[in-house]
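Here is a friendly walk through one protein model, taken region by region. Have a look at the structure first, and then we can go through it together.

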Amino acid sequence: MAATHGAEVLVASNRGPVSYEVLPDGSLNARRGGGGLVSGLSAIGPDAGAVWVCAALSEADREAVRRTARAGRLPAEVTGGQQVRMLDIDAGVFSDAYNGISNSVLWFVHHMLYQTPLEPVFDAEFRRQWASYVTYNRAFAEALAEEAAEGAAVVVQDYHLTLVPGMLRELRPDVRIGHFSHTPWAPVEYFRMLPDDIAEQVLRGMLGADRLGFLTRRWADAFTACCEELVGGLGTTRCGVHALGADGAFLRERAQSFDVKERMLALREEIGTAPDGGARRTIVRVDRTELSKNIVRGLLAYRQLLADRPEWRERVVHVAFAYPSRQDLAVYREYTAEVQRLAQEINAEYGTPAWRPVVLHVKDDFARSLAAYRIADVALVNPIRDGMNLVAKEIPVVSDSGCALVLSREAGAYAELKDDALVVNPYDVIGTARALHEALSMAGAERAERTKRLAAAATALPPARWFVEQLEELQALSR
Ligand code: G6P
């Protein structure tokens, strides 16, 4: 089955580097995909000769594959020369696998987001969706088997594709298979919430890989514990940690562009000046609107700060960018609405004609995110649980004059940034309010010093090296 002219290096992920939209005149417009995984993998670049296999995520994507793909590949002018094979998977199967199993079950398990009344019910509907997840994983495994050269290295990404390593191993025993998780891994007591046979399929699917990668030791250990408890251990599969860092060179250059400067001016205008005429302090957060990001408790902590520390009223603004994500799922839509409602409530409670305490934006705008990063006095990164959190790493890199980082101990980034961050328990709103006060009060010189050290730690493993490191480890294994 080995293809004679196959690729030596392959990447597989649900979301690819481009996504399409249909314009009013019926033509297709391609855009760069978002999220931590795409930022990490985009650094591979077209020169590596790698083939990137991804799924069509929308009707526009599927239409683009039908209209423009040749031999399954998207046109090079759209992908910047990268070889991208986008799989046109049946819309219903895709939705079950992505919205159902991946984002409503596996995402919730690894981020420990289930809580009353949002508890899982593994019923016949779940089993039907699981069958789609299997079909969707098989589509990836078959495409990879077709594309891979003899002995090729294949790096499979994330919780959408846990079954691919095992399936690909059966189709192509000759290839070296890696799998990388961009999420946390659940503790065994929580992971066991999945039906036994499903938990086992997930673990055995991943153990089809030669090597597994995680963002921190903590997640790798949790995975190992699950394997020991549920399937008798890791077997011959190796496990490694690769702490994806920020792309310092790219961010610093991009942050100097004209569009970022324009947005800084607009943001300063929105933030306004303190009653004494000085600049207002800013607490910045930038997230996908996602339950694990804990945006609501962040707003509650800010409200607590305004209640406990009246001296900050009119002198601080909370700039919160909460970009829509996974809007096909009702819980995400409801969460977005709750964030908006709470921001309005705080503005109504404390705002004055001259001061809007919360500036909330929900329309995704990368240049505006960078503008906020540059002017932030305080960065608030308080997820309930997060594989890494690249925002915590990006802000110190582009900050103009130093930024104090309030960081959840449950973010993967905590392992590398804890020494110079103000660390919080994400559930503790009072503690978070106290940390915000401390961050706002930090002397400029100390803030600048800490920011320098945070930026160095944050860029220790930039995306291109993160990828090459894994690839080399994989290629060094014998098959
Ligand atoms: C998480 C996942 C990534 C994904 C990102 C965006 O970070 O680990 O794999 O790229 O979320 O999620 P989405 O569902 O929009 O692709």
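Two residues are in contact if their C-beta atoms, placed from the backbone, lie within 7 Å. Keep that in mind for the helix pair and the domain contact below. Please also note that this is a predicted model.

## Two domains

The domain assignment of the protein gives domain 1 as 7-244 + 464-475, and domain 2 as 248-458. Their C-alpha centres are 30 Å apart. Where they touch, domain 1 contributes 17 residues and domain 2 contributes 15 residues.

Which helices supply at least two residues each to the side of domain 1 that touches domain 2? They include helix 1 (36-42) and helix 4 (91-110). Helix 4 gives the most to this side, with three residues. By class, the domain 1 side of the contact holds eight nonpolar, nine polar and no charged residues.

Let us turn to an open sheet of seven strands, paired in parallel and ordered 5-4-1-6-7-8-9. Strand 5 (83-87) and strand 9 (238-241) each have a single partner strand, so they stand at the edges with one side left without a neighbour in the sheet. From one strand to the next, the twist averages 20°.

Some of the pairings can be followed residue by residue. Strand 1 (residues 7-12) runs parallel to strand 4 (residues 51-55), and three bridges pair them. Here Ala 12 is opposite Val 53 of strand 4. Strand 7 (residues 176-180) is joined to strand 8 by three bridges, again in parallel, and Gly 178 has Arg 211 in strand 8 as its bridge partner. On to the next pair: four bridges link strand 8 with strand 9 in the parallel sense, and Phe 214 stands opposite Val 241 in strand 9.

Are its residues buried or exposed? Arg 211 and Gly 213 point one way, Leu 212 and Phe 214 point the other way, and all are buried. In a regular strand, side chains alternate between the two faces of the sheet.

Strand 12 has a covered face made of Val 358 and Leu 360, while Val 359 and His 361 are on the uncovered face. Leu 407 has Val 423 in strand 15 as its bridge partner.

## Helix 12 against helix 17

Two packed helices are described by the angle between their axes and the distance between the axes. For helix 12 and helix 17 (residues 429-441), the angle is about 65° and the axes are 8 Å apart. The crossing of helix 12 and helix 17 is right-handed.

From helix 12, the contact takes Arg 297, Leu 300, Ala 301, Tyr 302, Gln 304, Leu 305 and Asp 308. Facing them in helix 17 are Val 429, Ile 430, Thr 432, Ala 433, Leu 436 and His 437. Together, the residues of this contact divide by class into eight nonpolar, three polar and two charged.

## Two loop residues with positive phi

Asn 294 has a positive phi, near 65°, and lies in the loop between strand 10 (281-288) and helix 12 (295-308). Arg 326 has a positive phi as well, near 45°, and sits in the loop between strand 11 (316-323) and helix 13 (330-350).

Why does Asn 294 count as buried? Because it has 26 C-beta neighbours inside 10 Å, and 20 or more make a residue buried. Arg 326 has 19 such neighbours inside 10 Å, so it counts as partly exposed.

How values were computed: Residues numbered from 1 in each chain as written. Predicted model: local features only at pLDDT ≥ 70, side-chain atom pairs only at ≥ 80, totals over all residues. Buried ≥ 20, exposed ≤ 12 C-beta atoms within 10 Å, placed from the backbone. Pairing = 2+ DSSP bridges. Axes fitted to C-alpha atoms, helices over the stretch in contact; angles between N-to-C directions. Left-handed = near helix turned anticlockwise from the far one by under 90°. Nonpolar A, V, L, I, M, F, W, Y, C, P; charged D, E, K, R; others polar. Domains from an automatic or database assignment.
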